Amino acid sequence: MKFVIQRVSEASVSIEGSQAGAIGKGFLVLIGVSDEDTREIADKMVKKLIGLRIFDDAEGKTNLALKDVDGELLLISQFTLYADCKKGNRPSFIRAGKPELANQLYEYIIAACKKEIPVVQTGQFGADMKVSLCNDGPFTIVLDSDIL
């Protein structure tokens with residue numbers, strides 16, 4: 001499982017020209033699922049996501065977590081995080097999770113995050129989405145369950 005976490009001052013997602021979700025200060029999280037992923041792995045990833053201390057404290061040090069700053073989440077499913085570009089110029093997505101499993105785990109992650117964070121917005125699994133953000137910093141972290 002892979003999460004690309006971007007600390008944002010604002011972010012939104014639109015589907016077919018209509019806004020599907022929007023947040024203020026918080027994290028935009030792109031979520032990639034492989035066929036090897038499980039709920040246990042998702043739990044570990046969500047715990048790490050929620051606990052990340054990458055917001056500035058009163059002294060300007062990155063020391064505060066999402067809850068400490070009343071941060072919000074925008075969660076977007078993105079199978080392309082499992083692109084394999086080793087051969088040729090056209091990526092292969094064979095390592096990406098099959099849609100049924102990936103959607104189940106995406107929905108599981110959303111539910112787990114909603115237990116911890118009051119404002120959780122989402123995209124739509126499998127949809128053609130347009131994502132806008134103002135990356136704060138910029139500050140981007142990649143979490144990969146293979147190296148956690």
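Biologist: Are F27 and F55 buried or exposed?
Modeller: F27 is buried, and F55 is buried too. Keep in mind that this is a predicted model.

Biologist: How are the rings of F27 and F55 arranged, and why that label?
Modeller: Their centres are 5.3 Å apart and their planes meet at 15 degrees, so the pair is stacked. Planes under 30 degrees apart count as stacked.

Biologist: Where do F27 and F55 sit in the chain?
Modeller: F27 is in strand β3, residues 26-32. F55 is in strand β4, residues 55-56.

Biologist: What about F79 and F93?
Modeller: That pair is edge-to-face, because the planes are at 70 degrees, with ring centres 5.1 Å apart. Both residues lie in the loop between β6 and α2, 14 residues apart.

Biologist: How accessible are F79 and F93?
Modeller: F79 is partly exposed, at 48% relative accessibility. F93 is partly exposed as well, at 32%.

Biologist: Switching to charges. What sits over the ring of Y82?
Modeller: The charged end of K2, 4.6 Å from the ring centre.

Biologist: Now the backbone. Which peptide bond is cis?
Modeller: The one from G137 to P138, with omega near -10 degrees. P138 lies in strand β8, residues 129-144. Most peptide bonds are trans.

Biologist: What is the phi of E16?
Modeller: Positive, about 50 degrees, although E16 is not a glycine. E16 lies in the loop between β1 and β2. At 79% relative accessibility, E16 is exposed.

Biologist: And what is the phi of D70?
Modeller: Also positive, about 55 degrees. D70 is in the loop between β5 and β6, and is exposed at 66% relative accessibility.

Methods: Residues numbered from 1 in each chain as written. Predicted model: local features only at pLDDT ≥ 70, side-chain atom pairs only at ≥ 80, totals over all residues. Heavy atoms only, no water. Phe/Tyr/Trp six-rings, centres within 6.5 Å; stacked < 30°, edge-to-face > 60°. Helix = DSSP H or I, 4+ residues; strand = E, 2+ residues; numbered from the N terminus. Buried < 20%, exposed > 50% of the residue type's maximum accessible area, 1.4 Å probe, protein only. Lys NZ or Arg CZ within 6 Å of the ring centre and 35° of its normal.
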